[in-house]
Amino acid sequence: MNNRRFTLEEANAMLPRLREDLAKLQELVKQFEGLYQELKQAKAEYLLQPAGQEGGDPFFEMEGRLDFLRIEAELFIENFTRQGVLLKMIKPGLIDFPAVVDGEEVLICWKEGEERITHYHGWHDGFAGRKPFPGA
């Protein structure tokens, strides 16, 4: 990760784009989980069928789609990192922005559903240690 530090204004200005990327990532995760469950079900049914079936790998296509979705999701996650923010949780979305408040290294914190960023916490305090941002 880079050493970028954000102001509250910079972090709030990034939120619209980050929300959009988060929504796309959440949709990818949803698709991945659905397809993974389909694959598990298909494999369970396959095991119940009589042995000696012909043909190639019956799961190749589904496994390929899963790999593609995984790679696409990883690219979205890496994009958050490249922007200097910390994606802490995908669902619900939780994003931290490294910052300095009153000379202290902190994380400006946004949780999905919040209209704008108004809180921060120490690097080791986590979400439970959130405090209102001065002047927010």
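## Loops, helix and strands

Modeller: This is a predicted model. Pro92 sits in the loop that runs between β1 and β2.

Biologist: Which residue does a cis peptide bond join to Pro92?

Modeller: Most peptide bonds are trans. The bond into Pro92 is cis, with omega about -5°. Its partner is Lys91.

Biologist: In the loop between β2 and β3, is Asp102 buried or exposed?

Modeller: Asp102 is found in that loop, between β2 and β3. The cut-off for exposed is over 50% relative accessible area. Asp102 has 75%, so the label is exposed.

Biologist: What is phi of Asp102?

Modeller: Most residues other than glycine have a negative phi. Asp102 is not a glycine, yet its phi is positive. The value is near 50°.

Biologist: Which residue just after α2 takes a positive phi?

Modeller: Helix α2 covers residues 60–82. Just after α2, phi is positive, at about 90°. The residue is Gly84.

Biologist: What does α2 reach from its first C-alpha to its last?

Modeller: Helix α2 has 23 residues. At 1.5 Å a residue, 33 Å is expected. The model is close to that, at 33 Å.

Biologist: Against which elements do the buried residues of α2 pack?

Modeller: The buried residues of α2 are Met62, Leu66, Leu69, Ala73, Phe76 and Phe80. In an α-helix, residues three or four places apart point the same way, because there are 3.6 residues a turn. The buried residues of α2 pack against α1, β1 and β2.

Biologist: Is Ile108 buried or exposed?

Modeller: Ile108 is found in strand β3, residues 104–111. Beyond four places in sequence, Ile108 touches residues including Phe6, Leu8, Ile95, Phe97, Ile117 and Phe133. Its relative accessible area is 0%, so Ile108 is buried.

Biologist: What distance separates the C-alpha atoms of Ile108 and Pro98?

Modeller: Along the chain, Ile108 and Pro98 are 10 residues apart.

Biologist: With which side chain does the side chain of His121 make a polar contact?

Modeller: His121 lies in strand β4, residues 119–122. His121 touches Asp96, Val106, Leu107 and Cys109, among others. The polar contact is at 3.4 Å, and the partner is Asp96.

Biologist: Why does His121 count as buried?

Modeller: Buried means under 20% relative accessible area. His121 counts as buried because its relative accessibility is 3%.

How values were computed
Residues numbered from 1 in each chain as written. Predicted model: local features only at pLDDT ≥ 70, side-chain atom pairs only at ≥ 80, totals over all residues. Heavy atoms only, no water. Helix = DSSP H or I, 4+ residues; strand = E, 2+ residues; numbered from the N terminus. Buried < 20%, exposed > 50% of the residue type's maximum accessible area, 1.4 Å probe, protein only. Contact = heavy atoms within 4.5 Å. Polar contact = N/O pair within 3.5 Å; in protein donor to acceptor, adjacent residues only side chain to side chain. Expected span 1.5 Å × (residues − 1).
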